[in-house]
Each structure stands twice: as structure tokens, then as C-alpha cells.
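Please look through the sequence and the structure shown here before reading on.

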Amino acid sequence: MIRKSSVFILVSVLLLVSACATLKITPEMVQANLTVVTPEGSGKFPVVIYYQATGRGMQIMMTWARWFKSIGVASAIVDNATIRNRTDNPTGSMYTEDAAIVWDLLKDNPKIDTTRFALMGFSRGSQQALEAGPHFIGKRALPSFVFALYPGGWGPDRCENSHKKPTEVHIFYGDLDDINHYDRTNSACKGLAMRMSNVKFHELRGVTHCYDANISFPLFCCGGKPVRVEPNPEAVETTRAIIRNAIKAGWNPGGSEGEGDDRK
């Protein structure tokens, strides 16, 4: 016999799961969890909009924001996980719409040029950046670039891209990335670059997952299997050089090394 209390608990859990699955992300929710970093000066500056990794990686994004600031490019960092009342972005989660809402919020920012913007993602966040194309239609501009660092999250033998020309897509992946051993993402992304002329695949030798981290992490698991994280400053510099050359040709931001102002 099923007790009424058990039925009530089960129904409550199902309703909670359903509510979370259908949570509507509003501009107000995004604005409350958005940090904008801008270079010195009046602008208008091109901007990079970020997608978090599974484990959020706020420190990694802030490090990238400081570097972009030094070359005259703004950054918009949204906490995708906190918006959804959780501590990370778990397997199966999709949050592609967040960057499009950020773009809408930035349109009236006097220091930001939303006609010149890029999407940048890390690990699962790279998957979000690569799949965000359908959100940038109508009155929204197309991203000039997508920078996808060590993408993952599709499952075995999959690497996808929803952006067409003129968007220029750059995928960065280490040959020692353990996720590739389980999902074969490396070869899948290489194949994607061969099929789509606007996609460029950059294989980094001797490089693990999350190579732009500031410190070595303990092993974490992907599908119950261990993944190494080892910082690689040389690979970071290679990545930055590729990004710098791309945006110099596309945007010519004209920034100089130096500090800017952070605001939220």
C-alpha cells in the first residue's frame, strides 16, 4: 500500500523537476548575474560574451577578461549556473539563450559596440557557444567570432556548429585532453572543420583539458572517468595569438596594454 505522504513527496519532486526544466530566463535574471569589464576610454569597444564550463570557471573567465581588456576589447561574464539556482552546469544542461539576452542588455551600453561581438565558451560552455546560432536572428547582429576552448558535452563522435558565414569559428583542443579518449571530440571537431569552411580547428600539442586554468586541479570525472587538468601557459599564449590576429583583422580594436574599469 502506498502512503499518502509518499505520494505527496513524489508529486512535489516531479513538479519541482518540471519547474526547473521549464525555467524561463528573463533579462532581469541575467542582469543580476552579469559582470561587464571594459577598457579605459569612452569606447565603443567590441565585446566578448562568455559561457561557463560545467564547473562554472569564473576565475578563468575573469583572467580572459583582463587579457581582452588589455587589447581594447570588453567582456560580458554571466553566471549561467547561479541564474538557474545551481552551483554548476551539469551534463545535459543547455543555456544557449543567455548570451543573446546579454547582447540585448548591452545594446544601450554607451561603451559597447554590439555590432562587433564574439561568443567564447569553455568545455560545456563551448558547446553552448557553438550551438547558440539560432538565437542571433532578426534584430540581433551575428557574432563576428566564436572561440570554443576544449568543447564537450555532445557525447561520442559529435562536434556541432550552428553558425554560418560570415561568423568565423575557432575551436581549440589539446591532443592530451582525456575527454577525447572517451568521446573522440578531437576527431569529430577536425571533421567539422573539414565540412564547414568557416570553422578552424587548432590542435594544441601536449595539452590537457582546461589548459588555461591558473592551477592544476585534482582529477575530475567525465561520465565517471578521470580527466586531467594541467595549466599550459605556452598553449594559452598560442591561443591568445590566434585570437588576437583574428580580431585585429576583423575588428581592429586598437587597444593598448593597460588596466580598465570593472563594473557590474
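Helix α5, which spans residues 97–106, is mostly covered, since seven of its ten residues are buried. This is a predicted model, and the points below should be read with that in mind.

*Helix α5*
- The buried residues of α5 are Asp 98, Ala 99, Ala 100, Ile 101, Val 102, Trp 103 and Leu 106.
- These buried residues pack against the helices α2 (27–31) and α4 (80–83), and also against the strands β1 (34–38), β2, β3 (74–78) and β4 (112–122).

*Gln 52*
- Gln 52 is found in the loop that runs between β2 (45–51) and α3 (58–70).
- Gln 52 counts as buried because its relative accessible area is 0%, and buried means a value under 20%.
- The side chain of Gln 52 makes a polar contact with the side chain of Asp 79 at 2.8 Å, while a polar atom of the Gln 52 side chain lies 3.0 Å from the backbone nitrogen of Ala 81.
- Leaving aside residues up to four places away in sequence, Gln 52 touches several residues, among them Met 58, Tyr 95, Phe 122 and Arg 124.

*The whole protein*
- The secondary structure consists of nine helices and ten strands, and buried residues make up 50% of the 264 residues.
- Of the contacts with a separation of 6 or more, 76% are between residues 24 or more positions apart.
- The accessible surface comes to about 12,700 Å², and 57% of that surface belongs to carbon and sulfur atoms.

Methods
Residues numbered from 1 in each chain as written. Predicted model: local features only at pLDDT ≥ 70, side-chain atom pairs only at ≥ 80, totals over all residues. Heavy atoms only, no water. Helix = DSSP H or I, 4+ residues; strand = E, 2+ residues; numbered from the N terminus. Buried < 20%, exposed > 50% of the residue type's maximum accessible area, 1.4 Å probe, protein only. Contact = heavy atoms within 4.5 Å. Areas by Shrake-Rupley, 256 points an atom, 1.4 Å probe, with all protein chains shown as cover. Polar contact = N/O pair within 3.5 Å; in protein donor to acceptor, adjacent residues only side chain to side chain.
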